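The sequence and structure are shown here.

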Amino acid sequence: MQSSSFNPISNSLQFQRPWIFPETHFAVGIGVPNKPRFRLTPRTVIRTSRTRYRADEGLDDGPGPSTPVRFPVVLLRSGRVSQYVWDGVSLQLVGVDGGASSVSFDFDDGFRTMYRACGLAVKGFFIPKNVSEHYVLYVKWKFLHRVFSSALQVIATQAMFRAIGVGRTRSLASAAALNWVLKDGLGRLSRCIYTATIASSFDTNLKRVRFSTAILFSLSIGVELLTPAFPQYFLLLASIANIVKQISLGCYLSTASAVHRSFAVADNLGEVAAKAQIQSVCFDNLGLILAALLNFLSKNDQRLQAALPFVVYPIFAAMDLFGTYQGLKHVHLQTLTKDRLEIILCTWIEQGYVPTPAEVSEREGIGLLCRKGKVSWPIRIGCLNLESQIPKLSMLAMRSVCNKDYYFICMDVFCRGLTTNTHGILLCLREGARAADISMGLLQACFIRKAIVSNTSVWDEEINKGIKFSDAMAKEWVGLVEDSKKYAEENGCNLVKQMSSLGWAVKNVLLSTNEQIRYSFVDD
């Protein structure tokens, strides 16, 4: 039998220093063919520089080793770290924090061990194995959001029952059922219309749409709480509230997969989605318990029970929205939209590196307030707006378009407010333009904007003259376009490689409905 040798590194968890134990020999029985027999003769452990196993020496039975032999193989299973150990008789798995078979009589150590085991069990129940580092923080804020949201829904449902007359002898069951069915049917119909209308916004403005609908959801619960005060308008108030709630539910379901995908670092989207359902059920049940506890404490005081919804509503709604807002801050989407790509390209031009999804998410924010108009020379993707005055440079850009171009860049004029016009940069995309063309075009636009902003006094002076720019400024614009094209060709490939290495989904650029407008080239 051929000899085998290996070198364990250490008998501790760190394995920092080499360790050895005495030579262990394997003897093969000759009398029984094809059935080797092994006899182990344990000896006293001696620490040397290497550990070798040789089969050329027989081993006799004898007393076990004075020190167990630890193998350099550690297992992490069910939240417990164990190491293989040979005690001279059998191979065992021993916990590295004190041994699996040893019993500790230290109360403090036992309590810490039990607390750590319970924490690992809870974490394994709620948290997937392979997720990004921000997922735990997201779940903490989700806990705050779901508990108070669930409690509010329970309190609102009770208020609606009181408004419709459930529990009173004079209530008519058929009328109550009809009102309930009508308000649910109107809500579901509204959800279908809403999701069909702004479907593309779920990809391009996920955080803003999700948080805005969360605000609407909290307001709808407030409307439901008003139904006991106006029982004659139950159907109207309940229908309005349910329409808003169904819209919020449609947004939540439509954006859930994108949120889960942002945390699934090992393509374990199914596991992340399953854990999310477990979290929602458990957190919602805690909210139900909270609402039941409040009702139990106020059951003997009818006045307090009637005022309870209006007392807890502002507090619970604020906690719900705060948890939603903080949770969305820890969602770092890797998909590219126009705004995210613009942040990446501006950082590349100004600082020479590609930001990570976490950095872009921090700069992007929730996006409740539109930033358009706050940035000098904003960049827009779409087509020329004929309602505004078309600058001469825009018409020159259209005349220079050829068959091989998949986009062109021109000057844009749009309204800021009701009367003020401001200038920007417009990127027009051609039918068939790919993600690489969009990235190159936007890179050129960012380069042109940086050059204009650095020399803003000259350009502002020309803009004040109106839409007719001088020939010198027209040549300056053409030169900027040529320089930006050269810069994009030199840096485009390296930029895309770095973006891909950081996890950005560079194969597609998600655009809104207005940004998806394309032109077709006609060769006269």
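## Helices α5 and α6

In this predicted model, helix α5 (residues 206-225) packs with helix α6 (residues 234-263) at an angle of about 150 degrees. Their axes are 8 Å apart. Angles over 145 degrees count as roughly antiparallel, and α5 and α6 are therefore roughly antiparallel to each other. The crossing of α5 with α6 is left-handed.

On the α5 side, the contact is formed by L206, V209, R210, T213, A214, L216, F217, S220, V223 and E224. These residues meet L237, A241, V244, K245, S248, C251, Y252, T255, A256, A258 and V259 of α6. By class, the residues of this contact between α5 and α6 comprise 14 nonpolar, four polar and three charged.

## Helices α5 and α8

Helix α5 also packs with α8, at an angle of about 170 degrees and with the axes 10 Å apart. With the cut-off for roughly antiparallel set at over 145 degrees, α5 and α8 are therefore roughly antiparallel to each other.

From α5, the residues in contact are K207, R210, F211, A214, I215, S218, L219, I221, G222 and L225. Their partners in α8 are P309, F310, Y313, A317, D320, L321, T324, Y325 and L328. The contact of α5 with α8 has 13 nonpolar, three polar and three charged residues. R210 and A214 of α5 are listed in the contact with α6 and also in the contact with α8.

## Helices α7 and α8

Helix α7 (residues 269-297) crosses α8 at roughly 145 degrees, and the two axes come within 12 Å. This crossing is right-handed. The residues involved are L290, L294 and N295 from α7, with L308, V312 and F316 from α8. Five of the residues in the contact of α7 with α8 are nonpolar and one is polar, with no charged residue.

## Cavities

The model has four cavities of 30 Å³ or more. The second largest cavity has a volume of about 40 Å³. Its lining consists of I155, Q158, R162, N295, Q305, L308 and P309. By class, the lining of the second largest cavity holds three nonpolar, three polar and one charged residues.

Helices α2 (135-164) and α8 (302-329) each supply at least two residues of this lining. Two of the lining residues, N295 and L308, also take part in the contact of α7 with α8. Another lining residue, P309, is in the contact of α8 with α5.

Definitions and conventions. Residues are numbered from 1 along each chain as its sequence is written. This is a predicted model: local features need pLDDT of at least 70, side-chain atom pairs count only at pLDDT 80 or more; totals for chains, interfaces and linings use all residues. Side-chain values use heavy atoms; hydrogens and water are left out. On a 1 Å grid over the protein atoms alone, a cavity is a set of points where a 1.4 Å probe fits but cannot get out, and a pocket is an open set with protein on both sides within 12 Å along at least five of seven lines; lining residues have an atom within 4 Å of a point. Grid points are joined across faces, edges and corners, and a volume is the space filled by probe spheres set on the points. Helices (H or I, at least four residues) and strands (E, at least two) are DSSP runs, numbered from the N terminus. Ala, Val, Leu, Ile, Met, Phe, Trp, Tyr, Cys and Pro count as nonpolar, Asp, Glu, Lys and Arg as charged, and the others, Gly among them, as polar. Axes are lines fitted to C-alpha atoms, for helices over the stretch in contact, and angles run from 0 to 180 degrees between N-to-C directions. Angles under 35 degrees count as roughly parallel, over 145 as roughly antiparallel, 65 to 115 as roughly perpendicular and the rest as oblique. A crossing is left-handed if the near helix is turned anticlockwise from the far one by less than a right angle, and right-handed if clockwise. Contact means heavy atoms within 4.5 Å.
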